[in-house]
Amino acid sequence: MSKSSGSYSTSDLSRKSGDIIAEALRHPVTITQRNKPRLVLLNIEDYQRLMKQSDRRTAGTIETMPDELVAEFENAVEAYAGDDEAGRT
């Protein structure tokens, strides 16, 4: 593949690693295997920027939820159950 394309095969990576690394310092480079994109090689600054922008959501439990959120959740469940019962009668 052409060096200017920003995409290289795994075979290219083993033969031209220096050139590919130099290019990856300028912009992300895709590494393909069997003509399918498999990896992206990018400089540390781009990686750190992406990590800072990544979604930091975590899973929790009712035990770890703030009391206000538990109350809101319980009210929503009760309202839903009330609507469901009203629909059945």
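1. The term stands for a side-chain nitrogen of Lys or Arg within 4 Å of a carboxyl oxygen of Asp or Glu. Arg15 is exposed at 59% relative accessibility, whereas Asp12 is buried at 4%. Here buried means under 20% relative accessible area, exposed over 50%, and partly exposed in between (1.4 Å probe, protein chains only). Helices (H or I, at least four residues) and strands (E, at least two) are DSSP runs, numbered from the N terminus.

2. Before going on, please note that this is a predicted model, in which local features need pLDDT of at least 70 and side-chain atom pairs count only at pLDDT 80 or more, while totals for chains, interfaces and linings use all residues. Residues are numbered from 1 along each chain as its sequence is written, and side-chain values use heavy atoms, leaving out hydrogens and water.

3. The count of salt bridges is two. The other pair to look at is Arg49 with Asp46, whose closest N and O atoms are 3.6 Å apart. Both sit in helix H3 (residues 44-53), three residues apart, which means about one helical turn lies between them. Arg49 is partly exposed at 42%, and Asp46 is buried at 18%.

4. The largest nonpolar core has five residues: Tyr8, Ile20, Ala24, Val29 and Ile31. In soluble globular proteins, nonpolar side chains tend to be buried together.

5. Which residues does Ile20 touch, not counting those up to four places away in sequence? They are Tyr8, Asp12, Leu13, Val29, Ile31 and Leu41, where contact means heavy atoms within 4.5 Å.

6. On the surface, Ile21, Leu25 and Leu41 form a nonpolar patch with about 270 Å² of accessible area together. Ile21 belongs to helix H2 (residues 17-26) and is partly exposed, at 46%. Patches join residues with over 30% relative accessible area and no salt bridge, like charges within 9 Å and nonpolar side chains (Val, Leu, Ile, Met, Phe, Trp, Tyr) within 5 Å; areas come from the Shrake-Rupley method with a 1.4 Å probe, and for residues only the protein chains shown count as cover.

Note on methods. Core = buried A, V, L, I, M, F, W, Y, C linked by side-chain atoms within 4.5 Å.
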